[in-house]
Structure formats: structure tokens, C-alpha cells
Amino acid sequence: MMTEKVSILLYDDEKAKAVRRFNDGRSPKYLIRTYGCQMNEHDSEGLAGMLEEMGYSPAENVQGTSLVLFNTCCVREHAELKAYSNVGALKKLKEENPGLIICVCGCMMQQEGAAEKLMKRFPFVDIAFGTHNSHLFPGMLYRLLLKGERVCDMAAPAQDIIENAPARRAGPPCAWVTIMYGCDNFCSYCVVPYVRGRERSRQPEDIIAEINRLVGEGYKEVTLLGQNVNSYGKDITGADFPALLRRINDETGICRIRFMTSHPKDLSDGLISAMRDCKRVCRQIHLPVQSGSSAVLARMNRHYTREDYLALVEKLRSAMPDIGLSTDIIVGFPGETEKDFEDTMDMVQKIRFDSAYTFIYSKRSGTAAENMEGQVPAGVKKERIRRLIEAQAAITYEKNLGCAGKAYEVLAEAVSRRGVSMLCGRNGAGMITNFAAPPELIGEFIEVKIIGANRYTLLGEII
Ligand code: SAH
Ligand code: SF4
């Protein structure tokens, strides 16, 4: 696929202005609830930006809200069921406040027939749309408010990039920046390629301009987002991910650069040297292994073996001994035997990841694994994930304790959940650190010495 085939879509500015005029003097409030990954979180920032352009302002809670938007996820069944039950729970609210606008969007809606089904089951939902046409949200709201139409809109092909849409980001100091959309990998368990479409990369110039704008607004750190950032630029002549990292490092004023997610099959020597050479690129990588068994990996369509993954980690750690390494692991993939699972446990012990997101395999309709033989019973899956979580938690804790006495540069990101007199931030390797400091220091880089640790975070003090 070449860039010419990708059309650059423009945000529906005219309709946004019309809705703004409609809302003038009403000061309506909106609430967005996001399910799933960082990509969805960032999409919600875009939707919030559109709503604010249309005269809405953020609500503190659901009471007194004029518009509720659910941005859904369908990677696992659990997220889907939760979204359904939370949409169902809005019925009462709508009865109390018939003017309440209820919208549902995101990956779950992009599945074949899902939006129609939702609108039928929940007649109080006003607007449903997918992942490919969110830039048209102002037009849908316009139709609802000014023409009184319920809207279920999945239009727009999957091969688009939207460049000029507004966003209301959570920061400063940290921001997400999408560098590519979609996924071409078709891991056999995964629904993402079906709901996010084919891979398409943003132009390096657009990414660099966005990051420089963020720098101007006071942002210090960006996380570059893509389902597989290592395939960035395959559709653009002369661009690839290591080159993009080098350009962002050299041509923007951003202090820290992180990225996710990296697929092990595409992680090149070029990326390792770009990470090593670029001062602003954090030494942190999220590298989902999914399983420690080569047989399971083959059935997952991951295109690497256990040995390939171990060699890759070796290469990364010898180039950057201080690199932070996190992963995703699925247990109970169809056909996973006790021996396969023990291979995963062994991999976890051998590699000693800093952290791991662990998932019970969830059967997804339309994926290759859906009809595979050897579906693992729920009880076995639960038992396996319990063992895995326990093993990884012990490793994370030991590693955290091992940081005692070390000094790190931490970007103060926000007030810590541990209390108002504490801030939290991450060191270069991505370890979350809490430390006593006043809120005025949010956005500053601070030298912190580690004085303690708990299971998932470090405790530091300002040096
Ligand atoms: N593109 C990223 C993220 C994909 S979704 C990547 O390739 O890593 C995030 C994680 O959800 C995946 O890494 C995988 O571990 C998990 N996941 C995806 N589909 C799943 C399924 N059907 N059941 C259980 N976990 C799943
Ligand atoms: Fe899903 Fe695999 Fe694509 Fe990640 S790389 S989004 S797991 S298909």
C-alpha cells in the first residue's frame, strides 16, 4: 500500500460551528468514559477536543451532564460486557433527564452489525459510530440536535488519516501522539486488525509539527502510539521507525520520547541503535511476548520463536543495560498445554520483566483462533493466570527493592494517589516513583533518590 491510497480527512469544522451556535448560552457538560488501551484514551482526547469546540465543557460526574459518550473496546469479552452493562445503566438517567444525549463509539461499534444491535437493544442511545469516522462526530450531533434524528453511522473507509482534528489532552507534561493507525499482523487471537483497519502511517513532517506544537504548549514528554510502531513508514517512501525517532530527537524540542507497542518480529538492529544513540529517547520498551512456547507462538501467528525473543532481549540489554522491559502475556490460548504454560513461566523467570500485563485468552468472533481446537477450560485458565501473576509480582517487587539507594531523573507528572503532598512520575526506564514535593513542581525534571518500594511503585526523596 502506498501513501497515495490513504486519504487525509478533515475534521468537520462547519458542523462543529453550527452545533456551537446551537449550544450558545446553554453551557452543556459532557462526560466521556473510555475502555481499553492508550490508543482509545488518546481517541477520547480527540473527541473531548471536538466537544469543547462545539461549546461543551467537561463534567465532574454524571449528574447534570448533557452528553455521555462511551468509547468502547472489544479486545476481550470482559471489556465488551462491561460497556454493555454500563450503557444499560444509563436508561434510568435518561428517564430522569430525557434531554440527555447518549453516544457510543469505538472498537466495539466497528464490529460488523454491533452498532445496529446496540441501538436496537438500547433505544435510548442517540448516536453510535465507529473508529473510522469519529472526525464526523460534529455532523452526527448536528443531525441529532437540529433535525432530531437518531444516528448510527459507520461510514468512511478504513484507509484514512485525520490530520486537523482538535484534542483536549490531559497534560502537560505528558502527551500521546499517534504515529500510525491500524494493524496488518492478524495475530490469530486479536480483533484489532478488523476494527482498526490496515496500517497507515502519518507523514513524519505532520508528527514533528505536532510535537513541536506540544513543546510550545509546555509538554515535556511524548509517547508515540501505534499497534506496531516497528512497522511505521512501510507505506511511505524513505521513512521507517528508527529514522522517525532520530528525526524527532533532532528536530523537536521535546525532552523525552517513549513509544508503544513494539512487535518482536519487526524490532530491528536499526531501532536498537537509534534508541542507544538518541539522548531524548527513553530506555524503555514494551515488547509483548504473549507466550513462552514456540508452538503456541506459531499458532498465535506471531512470527517469532521463544529463542528469537530471548535473543532479542539479550541484544537490547547488552546495548542498553539499564533498559526497562515490560510485556503482555496471554494464558490459556487454544491448545496451550501445561508444558506450554510452564515454558511461559520459565521465560518470565529467565527474562525477569520489570512488569507484565497478563490476560486470560478471550475468544473473539471472526478471528482465526475462534474455531481452533483445544479451547482451555475456564478453571485451568484462572489457575494459570494466578500462578503467572504471583510469579511476576514477586519479580517486580524484588526489582523495585533493588532500586533502593539509586538516583533517577523523574519527570513530575501529577499529584500522587498516595496523597496531596506527594507527586508521581516515571524515571527513564518507566518505573513509577512517588516522592514528597509541592504541586508547583509538576512538569519539572527532578533528581530523586529511591528510599523504598512497594509491589508496583518506588518511593523516593528529592536529592
Ligand atoms: N498492538 C499491541 C496491543 C494489542 S491489544 C500489541 O500487539 O501488543 C493488547 C494486548 O491484549 C495484546 O498484547 C494481547 O496480550 C492482549 N489480547 C489481545 N487479544 C486478546 C484476546 N483475544 N484474549 C486475551 N488477550 C488478548
Ligand atoms: Fe493485535 Fe497482533 Fe496487531 Fe497487536 S500486532 S494489534 S496483538 S494483531
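This is a predicted model: local features need pLDDT of at least 70, side-chain atom pairs count only at pLDDT 80 or more; totals for chains, interfaces and linings use all residues.
Local features need pLDDT of at least 70, side-chain atom pairs count only at pLDDT 80 or more, and totals for chains, interfaces and linings use all residues. Residues are numbered from 1 along each chain, chains are lettered from A and ligands numbered from 1 in the order written, and side-chain values use heavy atoms, without hydrogens and water.

**Exercise 1. Domains and buried area**

Task: Find the domains, then describe how domain 2 and domain 3 meet.

Solution: 
- Step 1. List the contacts (heavy atoms within 4.5 Å). Domain 2 brings 17 residues, and domain 3 brings 20.
- Step 2. Get the buried area, meaning the accessible area (1.4 Å probe) that two parts lose on being put together, summed over both. The two domains bury about 1400 Å², with 56% of it on carbon and sulfur atoms.
- Step 3. Pro173, Arg256 and Asn400 supply 37% of the area that domain 2 buries against domain 3, more than any other three residues.

**Exercise 2. Polar links across the interface**

Task: How many salt bridges and polar contacts cross between domain 2 and domain 3?

Solution: 
- Step 1. Apply the salt bridge rule (a side-chain nitrogen of Lys or Arg within 4 Å of a carboxyl oxygen of Asp or Glu). The interface has one.
- Step 2. Inspect Glu221 and Arg426: their side chains form a salt bridge at 2.9 Å, N to O.
- Step 3. Apply the polar contact rule (N or O atoms within 3.5 Å; within protein, one must be able to donate a hydrogen and the other to accept it, and residues adjacent in sequence count only if both atoms are side-chain atoms). Eight residue pairs qualify, both at pLDDT 80 or more.

**Exercise 3. The ligands**

Solution: 
- Step 1. Collect residues with a heavy atom within 4 Å. Ligand 1 has 14 around it, the closest being Tyr189, Gln227, Gln290, Asp328 and Ser362.
- Step 2. Nitrogen atoms of ligand 1 lie 2.7 Å from a side-chain N or O atom of Gln227 and 2.8 Å from a backbone N or O atom of Ser362. An oxygen atom of ligand 1 is 3.1 Å from a side-chain N or O atom of Arg76.

How values were computed
Domain bounds come from an automatic or database domain assignment.
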